[in-house]
Amino acid sequence: MKTVEVSAPATIANLGPGYDLMGMALDSPRDSLRASLVKSASDEIEVEGIGGDTISAEPDQNSSIVAARAVLRRAGVAGYGLKMILKKGVPPRMGMGSSGASSAAGAFAANFLIGSPLSEIEVLECAMEGERAACGSAHADNVAPSLLGGIIAILRYNPVKVMKLRPLTGVEVVEVAPEVEIAQEKTRLAREVLPASVMLGTVVSQMSSFALLLMGIMNNDPKMAGEGISGDRIVEPARAKLIPGFSEVKKAALGAGAYGCSISGAGPSVFAIAPQGMGAQIGERMVDQFSEAGVRSKFSIHRISEEGAKFV
Ligand code: HSE
């Protein structure tokens, strides 16, 4: 029996206008996964840690197993089963890439267990199957940064092509988690509220924001990147209705000096990019503003991390 222990980080997807196309890895929290390859016809997983009791341990519904199984299938490995213990560090359904971290860890571990026959991009494609199991859509903007670290731009989906960008420096990431009721199928529902079509003028504005985001990151210009992050005209307005007080919280963050602010992934958490050393005061303002809307919340401060999935 071969065993490996790995971990994969929380991520923030979309970064405002980059719906399904941009995401970044955070330094914490992480999911940890202990995985073994055994001579068996079946797979098994135990899930523990934060929110672990809300995650399915059914092999065909669990992101880690589905992603790992996709690796075995792709590599043509038959006659083996996976035994896993997943310790959740990334809180499920908060918009911090929980299923992405579990998927990335599963695919990364499985590839190692069978002697690393798959390329990075093939492992990524398998990890995306874990996302599909979790929310019905194989988007890569959480799994790619969780697997590869840094800020990832997804340049193409079919076939998948990604580019790793250097993290912005001189910034802190403020993540504010509101205590709101969250459906089990949160991401699926948050995707269903999005408009099926938009006006051309909206597309032009969105492309402008995306250009600011991408060029801001590439030039290590957080002010420019932040303007892009705050300028989502399509996804954020549709999802803002699901987060009580969102618009005021965003205004408070920008008023307190944040470079940019938007919904973290599919929400309900909200994130802001803050100048180094200002994260706590911006986080406090955002929490106060959520309180004004009758919502309890708490903030945490993170760094953008170069590290993706790794061996423990
Ligand atoms: N791009 C995805 C979304 C990220 O916004 O639905 C959340 O999983």
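Tutor: Before reading the packing, note that a crossing is left-handed if the near helix is turned anticlockwise from the far one by less than a right angle, and right-handed if clockwise. This is a predicted model, where local features need pLDDT of at least 70 and side-chain atom pairs pLDDT 80 or more, while totals for chains, interfaces and linings use all residues. Residues are numbered from 1 along each chain as its sequence is written, and side-chain values use heavy atoms, without hydrogens or water.

Student: How do H6 and H7 cross?

Tutor: Two packed helices are described by the angle and the distance between their axes. Here the axes (lines fitted to C-alpha atoms over the stretch in contact, with angles of 0 to 180 degrees between N-to-C directions) of H6, residues 200-218, and H7, residues 222-229, come within 7 Å and cross at roughly 150°. H6 is therefore roughly antiparallel to H7 (over 145 degrees; under 35 is roughly parallel, 65 to 115 roughly perpendicular, the rest oblique). H6 passes H7 in a left-handed crossing, and the contact (heavy atoms within 4.5 Å) involves, among others, Leu-212, Leu-213 and Met-215 of H6 and Met-224, Ala-225 and Ile-229 of H7. Helices are DSSP runs of H or I, at least four residues, numbered from the N terminus.

Student: How many disulfides are there?

Tutor: A disulfide is a covalent bond between the sulfur atoms of two cysteines. With sulfur atoms within 2.5 Å as the criterion, the whole structure has 0. The sulfur of Cys-126 is 17 Å from the closest cysteine sulfur, in Cys-135, and therefore too far for a bond.

Student: Is Cys-126 buried or exposed?

Tutor: Cys-126 is buried, at 3% relative accessible area, and Cys-261 is also buried, at 0% (buried is under 20%, exposed over 50%, partly exposed in between, with a 1.4 Å probe and protein chains only).

Key: Helix = DSSP H or I, 4+ residues; strand = E, 2+ residues; numbered from the N terminus.
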